[in-house]
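Subject: Handover of the two-chain file

Hello,

Here is the structure to take over from me. My notes on what was found in it follow below.

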Amino acid sequence: MSDSVSPLQSPLKNLHQSLGARFVQFAGWQLPVFFKSILSEHHAVRNNVGLFDISHMGQFFISGSLARSWLDTLLTNDIQSLPPGRALYTFLLNESGGILDDIIVYCLDAASFLLVVNASTTSSDKEWMLDRIPDSGVHFEDASNRSLALAVQGPASPSIWEKLTQSPMPPRNSVLRSKTAFGSLILATTGYTGEIGFEIFSSESTPSLAEQLFNYLLSLGAQPCGLGARDTLRLEMAFPLNGTDLSPDITPLEANLPQFVKFQKPGFIGKNSLLIQKQNGISRLLSPLLLEPNSPPPRHASKILVEQKVISGVTSGTISPSLNRGIALATLPIQYASPNTQLLVQIRDKLYSAQVVKKPFYKKIS
Amino acid sequence: MNIPQELLYTETHEWVRIEDNIATIGITDHAQNQLSELVFAELPPPGKKILKGQSVAVVESVKAASDIYAPLSGQILESNSSLQTNPALINSDPYGEGWLFKILLTNPEEINSLLKPQNYLDLLKN
């Protein structure tokens, strides 16, 4: 996507502006990076509740008699037995097992699904899927550019759900349609922050209804949050971001996410390559790194060294607002990927010590 | 917009406090606001010789690293060690506890090239 093309805008752009948002370009969209500050928004989600506009994410509605079995051949997780009202995390792979995207699949009813995909890969995912769609039995609708999507995340989310729907918030990974004062919404107890919460999808929302809904959620105590906090929150959980941590060059096994690949399924694109990789053993692993105290933030492409030799580079990194320490994800040669392995991270002309740790970086005290 | 009258400024948003031949350097209120919360400051070691215009320090927010340029030539006398554990002082008190480093000036005439408060305000308005 060229920079000269004017960016895609959320239906909430004007409201964000009036709330003092600072904007950033991401995947062809102009989006709030923060409203007040990344750190305060991060802590609001960890300790109370935050509200994200995630309208940039792609939304595909897929239905029809063959929708379920077709998706099961495209995706690594078990779509075949996903019951209506439930959601799961899955990968879309190429034939070599490389990750094209990580996706949440929502089963709306027996023959109807919503796929929420990354903004940066919405058009390539769509092309990949349409190239493989059967002649009949599957209806594919791309609602990406006319949809509203919000994420309400944080320990105080259930009270907001209850006020919005007049019913208690269901367990994680549930999805339902709800008629509200703001129109018919798809509500799902999913998110990518490590906190409880829910997401709201609507493909029929007008900008005016979207603003009313956003303002209503703010009035219930949610703090508006930008992409900056979304990134620090997901990184503290060691959740990968497609396009930086994940790419077609890495498989789900190398990404250390094998639980989302169901080898017992009859067949899915990439299965054979993954089976061979599983048999031979993997040679590298996406790993969490904790840096020494008071380090600068490690960033994408910061070099990782062992005994003066560069062994890899950081794929994403930040200062963890909860831990007040530098944290990073990097794909490491397998001999350096065990927890407690000591490494060095180069930031500008200095080396900082880092240790491979178990994920997540941040654990809720309960 | 907080632009103290007793300080001098640069086009790259540093402030300078002159006391005899020693200059204390920080970043302006406008700069800290634009950068948002800082999480790291890399400062020059005492004794380091620096030239006006040279990149001598780095401050980092969660999202980005920004260079700090030497407003004047000289030798570093001292860096603000409090910033190592509390870089957010630059945000909360940019003209006070958030100072970055002190320079022993070798070419005091360079002071004439710095912006007066009104000039810095004009720069921000444009």
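**Lys364(A) and its surroundings**

The side chain of Lys364(A) comes within 2.8 Å of the backbone oxygen of Arg46(A). Please keep in mind that this is a predicted model. A second polar contact of Lys364(A), also side chain to side chain, goes to Glu195(A) at 2.8 Å. Leaving aside neighbours within four places in sequence, Lys364(A) is in contact with Arg46(A), Pro155(A) and Glu195(A).

Where does Lys364(A) lie? Its place is the segment after strand E20 (350-356) of chain A. With a relative accessible area of 41%, Lys364(A) is partly exposed. The C-alpha atoms of Lys364(A) and Gly194(A) are 8.9 Å apart, although 170 residues separate the two along the chain.

**Salt bridges**

Side chains of opposite charge can pair when their charged atoms come close. Over all chains, the count comes to 13 salt bridges. One of them joins the side chains of Arg46(A) and Glu195(A), at 2.9 Å from N to O. Arg46(A) belongs to helix H2 (residues 38-47) of chain A and Glu195(A) to the loop between E12 and strand E13 (197-202), so this pair ties together parts that are 149 residues apart in sequence. Both Arg46(A) and Glu195(A) are buried. A network of salt bridges links Arg46(A), Glu195(A), Glu236(A) and Lys364(A).

Another salt bridge is formed by the side chains of Glu254(A) and Arg284(A), at 3.1 Å from N to O. Glu254(A) sits in the loop between helix H7 (227-236) and helix H8 (271-280) of chain A, and Arg284(A) in strand E15 (residues 284-291), so the parts tied together here are 30 residues apart in sequence. Glu254(A) is buried, with a relative accessible area of 6%, whereas Arg284(A) counts as partly exposed at 27% relative accessibility.

The closest N and O atoms of Glu60(B) and Arg348(A) are 2.7 Å apart. Is Glu60(B) buried or exposed? At 1% relative accessibility, Glu60(B) counts as buried, because the cut-off for buried is under 20%. Arg348(A), at 31%, counts as partly exposed.

**Where the chains meet**

In the contact between the chains, 17 residues of chain B meet 21 residues of chain A. The area buried between chain B and chain A is about 1,500 Å², and carbon and sulfur atoms give 48% of that area. Which three residues supply more than any other three of the area that chain B buries against chain A? They are Glu37(B), Val62(B) and Lys63(B), with 38%.

Between chain B and chain A the count is four salt bridges, and there are 11 residue pairs in polar contact, both residues being at pLDDT 80 or more. On the side of chain B that touches chain A, helix H1 (29-35), strand E4 (38-42), strand E6 (55-61) and helix H2 (82-85) of chain B each supply at least two residues. By type, the residues on that side of chain B are seven nonpolar, six polar and four charged.

**Aromatic pairs**

The whole structure holds 11 aromatic pairs over all chains. Phe182(A) and Tyr216(A) make a tilted one, with 5.2 Å from centre to centre and 40° between the planes. Phe182(A) is in the loop between strand E11 (175-180) and strand E12 (183-188) of chain A and Tyr216(A) is in helix H6 (residues 207-219), so the pair ties together parts that are 34 residues apart in sequence. Phe182(A) counts as buried at 11% relative accessibility, while Tyr216(A) is partly exposed at 24%.

In chain B, Trp15(B) and Tyr95(B) also form a tilted pair, 5.9 Å centre to centre with 50° between the planes. Trp15(B) is part of strand E2 (residues 14-19) and Tyr95(B) of the loop between helix H3 (89-92) and strand E9 (101-105), so parts 80 residues apart in sequence are tied together. Trp15(B) and Tyr95(B) are both buried. Ring pairs also link Tyr89(A), Phe91(A), Tyr192(A), Phe239(A) and Phe260(A) into a cluster.

Regards

Definitions and conventions:
Residues numbered from 1 in each chain as written. Chains lettered and ligands numbered in written order. Predicted model: local features only at pLDDT ≥ 70, side-chain atom pairs only at ≥ 80, totals over all residues. Heavy atoms only, no water. Contact = heavy atoms within 4.5 Å. Buried area = accessible area lost by both parts, 1.4 Å probe. Polar contact = N/O pair within 3.5 Å; in protein donor to acceptor, adjacent residues only side chain to side chain. Helix = DSSP H or I, 4+ residues; strand = E, 2+ residues; numbered from the N terminus. Nonpolar A, V, L, I, M, F, W, Y, C, P; charged D, E, K, R; others polar. Phe/Tyr/Trp six-rings, centres within 6.5 Å; stacked < 30°, edge-to-face > 60°. Buried < 20%, exposed > 50% of the residue type's maximum accessible area, 1.4 Å probe, protein only.
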